[in-house]
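Hi,

Here is the structure I promised to pass on.

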Amino acid sequence: MNWSLFRSRNFVLFLVRESLSLSGTIFLNISLALYILALTGSATKFASVLSLGIIPHLLFGPLAGIAVDRMNKRTLILLLESGRAICLLTLFFSSQLAPIQAEVIYVCVILFSACDVFAAPAYVTLLPAIVKVDELNDANALDTTIVESIRVLAPLLGTVVYSQFGLGMVFLIHAALCLLSVAATCLIVLPPQIKKDSATTILHDLKTGLQSFTRDTRIFSLVANGMLTHIFLFPFVLLGFPFLIKQVFIGSDLDFGMVESLQTAGSLCSIVGVVFLQKRYTLPANIGIGILGLIVFVCPLLLLVHPEFFQTLSHHPLLVVGFFGAVSFLLFFAFGTYGVFFRTFYQQTIDPIMLGRFVSVMAMLFAVSRFAGFHLYGKLFDSYPLLYPIVILGVGMVLKLLMHVPFLQEEKKRKARAL
């Protein structure tokens with residue numbers, strides 16, 4: 001691990017900015033999830049609210065990447081974080097006058113999702129601009145570690161603040177974190193940006209950005225694999241876990257917050273997996289190991305369809321937290337490890353000029369996948385026995401394994417040509 005990266009002022013400021021911004025996002029998201037679930041009490045309605053975030057991705061997804069590639073990345077991040085802070089302060093003052101209505105939450109979800117559409121590619125393309133190519137793997141690993149270390153308690157703290165002080169205080173704390181993120185971003189010094197050829201049009205930029213997905217079979221395979229994750233796995237965790245803990249096993253907000261914290265702890269500990277694997281295997285091999293880890297750690301969820309195991313959980317609240325917490329930890333450990341290698345792979349593979357639009361289109365595809373997954377599992381959890389969503393989850397994991405085959409085949413061909 002290249003610890004000398006901490007001597008870089010830009011890298012340290014990048015970590016501070018990212019930590020503050022994402023800590024506030026997690027703090028807010030868990031509070032909104034509890035608030036919405038309390039208002040609706042239905043997995044289907046809960047899924048409908050969560051899926052509202054896809055609207056900005058559909059409207060602005062491909063164009064967001066073009067904007068990121070053309071604009072100054074630091075300026076764009078400053079505008080987005082400042083706008084988010086103003087919106088949150090407005091919501092805080094509104095909450096002091098009257099309870100926040102469901103419709104306001106819907107608008108809030110859409111607005112913040114719109115910010116994320118532009119912020120995600122700006123964030124991903126910012127890191128390669130401040131570190132060397134051969135430092136990307138270590139930089140991504142350290143980024144994951146520091147960010148997760150700082151926000152490991154955010155879900156639990158968010159639950160406590162929401163339960164004790166209400167949604168208004170959550171808005172205020174997130175606004176403060178956004179303003180601190182703005183201050184850190186102002187201090188980052190970026191190298192001169194390569195000027196974009198003014199003769200190119202937005203349609204041309206869009207076309208060349210989409211070609212990134214078809215030129216390299218490995219990229220196509222990984223993005224398709226990610227879509228399967230966002231259809232079958234993430235919605236099960238993000239929608240199914242809170243629904244099962246709160247509505248099926250009658251757990252408390254604190255129980256849910258503890259499980260959420262273990263998810264973050266799993267991501268934090270993924271640095272161990274990254275350090276262990278990168279010394280022993282190649283980058284493509286580590287990507288495959290990460291995918292396999294996700295599939296293996298899903299297997300314990302099959303126990304939920306066993307009647308005796310289900311009854312045992314029903315009568316022991318601590319076992320509910322322990323079971324879902326352990327599965328969450330393992331899943332996010334595997335995903336965090338995989339994520340470092342995946343980000344490094346496409347940051348090294350995709351042309352830097354097209355990286356912003358690639359990330360934005362990829363985020364749009366993942367958002368569409370989550371939309372389908374939320375509605376699929378919302379219907380299944382509301383209307384069918386637990387066996388059905390578990391079987392669908394298993395089918396999705398098999399598809400993920402099959403979708404990785406083209407990546408392996410292309411890697412084999414490239415190695416043969418290199419000999």
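**Helix packing, then a cavity**

Helix H4 (residues 73-97) packs on helix H8 (residues 167-186) at an angle of about 160 degrees, with the axes 8 Å apart. That makes H4 roughly antiparallel to H8 (the label for angles over 145 degrees), and their crossing is left-handed. By class, this contact of H4 with H8 has 15 nonpolar, 7 polar and 3 charged residues.

Before going on: this is a predicted model, so local features need pLDDT of at least 70 and side-chain atom pairs pLDDT 80 or more, while totals for chains, interfaces and linings use all residues. Residues are numbered from 1 along each chain as its sequence is written, and side-chain values use heavy atoms, without hydrogens and water.

H10 and helix H15 (residues 355-383) pack at about 40 degrees, axes again 8 Å apart. That makes H10 oblique to H15, and H10 passes H15 in a right-handed crossing. Their contact has 18 nonpolar, 6 polar and 2 charged residues.

There are also 2 cavities of 30 Å³ or more (a cavity being a set of points on a 1 Å grid where a 1.4 Å probe fits but cannot get out; lining residues have an atom within 4 Å of a point).

Cheers

Methods
On a 1 Å grid over the protein atoms alone, a cavity is a set of points where a 1.4 Å probe fits but cannot get out, and a pocket is an open set with protein on both sides within 12 Å along at least five of seven lines; lining residues have an atom within 4 Å of a point. Grid points are joined across faces, edges and corners, and a volume is the space filled by probe spheres set on the points. Axes are lines fitted to C-alpha atoms, for helices over the stretch in contact, and angles run from 0 to 180 degrees between N-to-C directions. Helices (H or I, at least four residues) and strands (E, at least two) are DSSP runs, numbered from the N terminus. Angles under 35 degrees count as roughly parallel, over 145 as roughly antiparallel, 65 to 115 as roughly perpendicular and the rest as oblique. A crossing is left-handed if the near helix is turned anticlockwise from the far one by less than a right angle, and right-handed if clockwise. Ala, Val, Leu, Ile, Met, Phe, Trp, Tyr, Cys and Pro count as nonpolar, Asp, Glu, Lys and Arg as charged, and the others, Gly among them, as polar.
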